Amino acid sequence: MGTVIDSHFLALTAIITFAYQLLFFIITALLKFDKVTDFAGSTNFVIIAVLTFVIKGSWHFRQIILTLFVVLWGLRLAFFLLLRIIQWGEDRRFDQMRNNLGKLAIFWIFQAVWVWAVSLPVTVVNATDRNPFLQSVDLIGWLMWAVGFMIEGTADQQKLNFKRSPENRGKWCNAGLWKYTRHPNYFGEILLWWGIFVASTPILDRAEWLVIIGPIFLTLLLLFISGIPLLEESADKKFGNVDGYRVYKQRTR
């Protein structure tokens, strides 16, 4: 079906992403309803992957696999987070934003940038006409994605089950994968997106290698900005004076 706006769908995906996030920003701002925040982010990935795949219409095997990977990840995460926030109630991240339109707008703009940037590898793969034979790097990338996907999904479910148990109320999660690391879900997410990048490399040429910005951005975001730092700060406030937690924190990363 050719190209839309530009040969790599970069402008198209940017417009769609910002329009989609704007829609949910308006819903959140007008209704003071923040339960759809993570759902909006995760489903945006799915929309970008499917739309670029269908518009290009090449149906290459590599495009099919990577698009499927994004769809599976996005839908699982979207519905998991939606059901979780419905059970838990309000999203505490927005306690200081609900009545501050400026801060709320900055959050949604940042979420749009996150979606667009992290999607770059699959966007460029779906936009290309190149279709080299499958290589070992494809298999390595697929394996990375599969391992990361299982780790993230397992960790999410383990923590949810832990918090559902009345006997664990007021405790930090140290069950399953959480016994060995404080953020196994983030490790899984970082690993699977690096896997998508690795699997995209056989088709990359010249400036297209800049799609590495996607997994780098995600890694920096989770490690140093909105992921781990916020959770560490929250956990320290809750359990910082508990000897058992301090021991747990010393032996895990």
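**Helix packing and a salt bridge**

Student: Where is the place of Trp59?

Tutor: Trp59 sits in the loop between helix 2 and helix 3. Helices here are DSSP runs of H or I with at least four residues, strands are runs of E with at least two, and both are numbered from the N terminus. The model is predicted, so local features need pLDDT of at least 70 and side-chain atom pairs count only at pLDDT 80 or more, while totals for chains, interfaces and linings use all residues. Residues are numbered from 1 along each chain as its sequence is written, and side-chain values use heavy atoms, with hydrogens and water left out.

Student: What is the phi of Trp59?

Tutor: Phi is near 60° in Trp59, a positive value in a residue other than glycine. Arg206, also not a glycine, has a positive phi of about 55°; Arg206 lies in the loop between helix 7 (184-200) and helix 8.

Student: Why are helix 1 and helix 2 called roughly antiparallel?

Tutor: Helix 1 (residues 10-31) and helix 2 (residues 37-56) pack at about 150°, with axes 10 Å apart. Axes are lines fitted to C-alpha atoms, for helices over the stretch in contact, and the angles between N-to-C directions run from 0 to 180 degrees. Angles under 35 degrees count as roughly parallel, over 145 as roughly antiparallel, 65 to 115 as roughly perpendicular, and the rest as oblique. The pair is therefore roughly antiparallel.

Student: Which residues of helix 1 and helix 2 make the contact?

Tutor: With contact meaning heavy atoms within 4.5 Å, the residues include Ile16, Tyr20 and Phe24 of helix 1 and Ala40, Ile47 and Leu51 of helix 2. By class, the contact of helix 1 with helix 2 has 9 nonpolar, 7 polar and no charged residues. Nonpolar means Ala, Val, Leu, Ile, Met, Phe, Trp, Tyr, Cys and Pro; charged means Asp, Glu, Lys and Arg; the others, Gly among them, are polar.

Student: What makes helix 8 roughly parallel to helix 9?

Tutor: Helix 8 (residues 213-225) and helix 9 (residues 228-239) pack at about 20°, with axes 4 Å apart. That angle makes helix 8 roughly parallel to helix 9. Leu222, Leu223, Phe224 and Ile225 in helix 8 meet Ile228, Pro229 and Leu230 in helix 9. This contact divides into 7 nonpolar, no polar and no charged residues.

Student: What makes helix 3 roughly parallel to helix 6?

Tutor: The angle between helix 3 (residues 61-88) and helix 6 is about 10°, with axes 12 Å apart. Helix 3 is therefore roughly parallel to helix 6. Their contact has 13 nonpolar, 3 polar and 8 charged residues.

Student: How do you know that Asp129 forms a salt bridge with Lys56?

Tutor: A salt bridge needs a side-chain nitrogen of Lys or Arg within 4 Å of a carboxyl oxygen of Asp or Glu. In the pair of Asp129 and Lys56, the closest N and O atoms are 2.9 Å apart, and the pair forms a salt bridge. Asp129 is in the loop between helix 5 (120-127) and helix 6 (136-164), whereas Lys56 is in helix 2, 73 residues apart. By this rule the count is 9 salt bridges.
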